Amino acid sequence: MSSPMRKVSLRNLAAHKVRLALTVLSVVLGTAFVAGSFVFTDTLQKTFDGLFADAAKGVDVRVSGLEKGSSGVPLSELPKLEAVDGVRAVVPAVDGPIVLLGADKKPLQSGGAPSIGLSYTPPEQALGDPDVMVAGAPPAAPGQIALNEGAARKAGLAVGDRTQVLVPTSGVIDVTVSGIYQTPSDSGGFVGAQFDGAQARELFTDGSHVDYVDVAGTGVSQSELRDRVAAALPDLKVDTGDQVREDVKAEVNSALSFMNYFLLAFGAIALLVGTFIIYNTFSMIVAQRLRELALLRAIGASRKQVGRSVVLEALIVGLLGSALGIAAGVGLAYGLRAMLNGFDVGLPSGPLQLEPRTVIVALLVGVLVTVVSAYAPARRAAKVPPVAAMREEFSSTGDSLRVRTLVGAIAAVVGGALLLVGSRGTGGGAATTVGLGAAALIVAVLLAAPALSRPVVGALGAVFAKPFGPVGRLARTNAVRNPRRTAATAFALTLGLMLVSVIGVFGASAKESVNSLVDNGVRADYILAGPDSMGVPLGAAAAVEEVPGVADAVELHGVAVKIDDEEQFGTALSGQLDGVLDYTLEEGSAELVGTNMLVSRTTATEKGWRIGTPVVLTDRDGEQVTTNVTGIYADSQLLGKWMVPESVYEQVTPAAVRAVWAVLIEAQPGADLAAMRGDLAAATDKFLVVQVKDREEFKGSQGKQIDTLLAVLYGLLALAIVIAILGIINTLALSVVERRREIGMLRAVGMQRPQVRRTIYLESVLIAVFGAAVGVLLGVAFGWGFVSTLADEGLDVIAVPWGQVVAMLLGSAVVGVLAALWPAARAARTKPLEAIAGV
């Protein structure tokens, strides 16, 4: 570009500081989420890498069971392992889940971090760096524990304090804190209680197996040692230490990549919303500068030079906005981590990581989006004939909307058809069809929104404008005068509220499905529940069986086996179905004893099973148990595909991994339920984490978990809404600049400042309500379509959160007023004579 045109571009930016700030802000918000997503996940990745590198430090070989979930390594094999040439040290893994009682006598909440008990390893036996005791001494006898610093601090415990530890498979243990040790890094809510070796084996193993055994070698490579150990123990899985570390990192990377995609999806949404703001802004800037650009053409500037000058401005805005967006992204990552820690998810902490890749991607994305958004307005500006643009009556509202509206209508028909077809099926294929339909409908709204805005905003204006008389009519006229601008401004809010509505429908449907499942499937009077990661401690059912008024206490277990070489998951019960669960028996008997097996109608049909069919269950150790189909029941999400008695569950599930999902309690006829509840709470008090709930409370607890997840999603989506609101502010502010002479004329003929402000308020409300209404309508339709495809996954009730829908529509009107405060004040300060004179 020639130097004079470059100077024109730079001086134009400097001369319109407010316009520049608003445009830069839209780029900042769009790129901040992308940068923040990378910073957040890179920080977690770095911290996790350090944690797991330390966790497996010094391990040359690991010996484990052939399959995850098996009994593990027999302790009887340890002498063989110790005798292998090149083996220096052998350390069996002895650990298991626990709940630690804090100084306040309440269970310590670790969030999503592990809370485990483990065997203390003396320094002379440690494979890597031994744990450093910062206070006290290691556990030397049963009843003593050493705690990591983070857990001791969070629990308020010090050396010498007495407390209790719940081991789900063994009950409550009285312990004394003998020492506090240092961990390599602060791993969030992690709780690590080290026990004396003998007590740890008693608490966390079946006495004959451990999950795995770590080995350190001397004078031999890892691969050579692995081969020697594998030759000595051919029936076990043997990996090198490097392979173990790589496998763990791969699992973490997989989990973090999902989170990264998840966050980047929200970043893309924010960027998409920002794109419309940037595009709208540059369209308005070009419209306001048509006479200026025409004058440049008249004095010799070519079309290319004019177009390049606009693109140069976009490039500068993109670079500036992206650079600020990267800084904002670091702050966003910090805030995101603080928000998730507020939900107590137990994230590890560490310094924020800003990788070069993050800087490059954020710059590229921000600059490309800004330049591409400005390209169309730049071309339009370059094509304007100089003489036409210098006329007062020249209109810049654009070409006819007929073609884009027609294409939008076709896309709407195709999208609606795909949405209906996809919603009639289930599974991935149906969800993909619904997704394609949703994409087509979004494109349809994008294309047809200008034409749609005229009648809709006009109708809304008739409602909102009537009480305000001429001021209301003027606001309605302003809102429909440039339908492209109105539609582009509203579309940003449409996208944000569309996504909020989709998530709202998912959440409401999930809660209603759970409620329906409990209402129609559970007959139990009370339910014993525990933490999701642990379930109910073993022994809780036995503890309540003697409570006055209890007729039966039935434990529910999850069963994982292989049937015909395929992984299968079922349910096991410690008692009978009658009295605690509702079901429809179609054939045979419902008695769960011996090796009986009950199957659902769909499973029986798919497998070709009938009453009397033998079914072989193969556990993770390769041992087999033969059951017989003795009953077939109607399909039920609560009962699952098949059920077996507890005796079969114990045969196919190693003792170390047995767990209780819940305990269903049936009351005797005429029992005093209120009194029985108090007795149940007293009987389970020693288990620390057990909660006694009736059916309504159980439904409420499940709904609370869903609400927690939704809160995180809404928190992330809030950014898109904020961007949309700033987009409305941006558009209105630029519109005030564009209409400065018009506002000056109105002020000259008698319009008062409050009337000017009300006009801008009403115009903003009309745009916001239009965008919100379209977004909510799309969101409810998409939510209905996607939930319909998940009927086979348990979401068999579709619910619309009508209260939320009404709140969003009313909130959008409030948003319209708030967004218009500054532009309205700016318009009201317009001086009539200066505006008319163009000063």
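**Exercise 1.** Is phenylalanine 204 buried or exposed, judged by its relative accessible area?

*Solution.* The model is a predicted one. Phenylalanine 204 has a relative accessible area of 9%, and since buried means under 20%, phenylalanine 204 is buried.

**Exercise 2.** Find how many aromatic pairs the whole structure holds, and classify the geometry of phenylalanine 195 and phenylalanine 204.

*Solution.* A search through the whole structure returns 1 aromatic pair. The ring centres of phenylalanine 195 and phenylalanine 204 lie 5.7 Å apart, with their planes at 70°. Centres within 6.5 Å make a pair, and planes over 60 degrees apart count as edge-to-face, so the pair formed by phenylalanine 195 and phenylalanine 204 is edge-to-face.

**Exercise 3.** Determine whether threonine 759 is buried or exposed, and list its contacts beyond the neighbours within four places in sequence.

*Solution.* Threonine 759 belongs to helix 22, which covers residues 753-788. Its relative accessibility is 4%, so threonine 759 counts as buried. Once neighbours within four places in sequence are set aside, threonine 759 is in contact with Val471, Leu474, Ala475, Asn478 and Met751.

Conventions
Residues numbered from 1 in each chain as written. Predicted model: local features only at pLDDT ≥ 70, side-chain atom pairs only at ≥ 80, totals over all residues. Heavy atoms only, no water. Phe/Tyr/Trp six-rings, centres within 6.5 Å; stacked < 30°, edge-to-face > 60°. Buried < 20%, exposed > 50% of the residue type's maximum accessible area, 1.4 Å probe, protein only. Helix = DSSP H or I, 4+ residues; strand = E, 2+ residues; numbered from the N terminus. Contact = heavy atoms within 4.5 Å.
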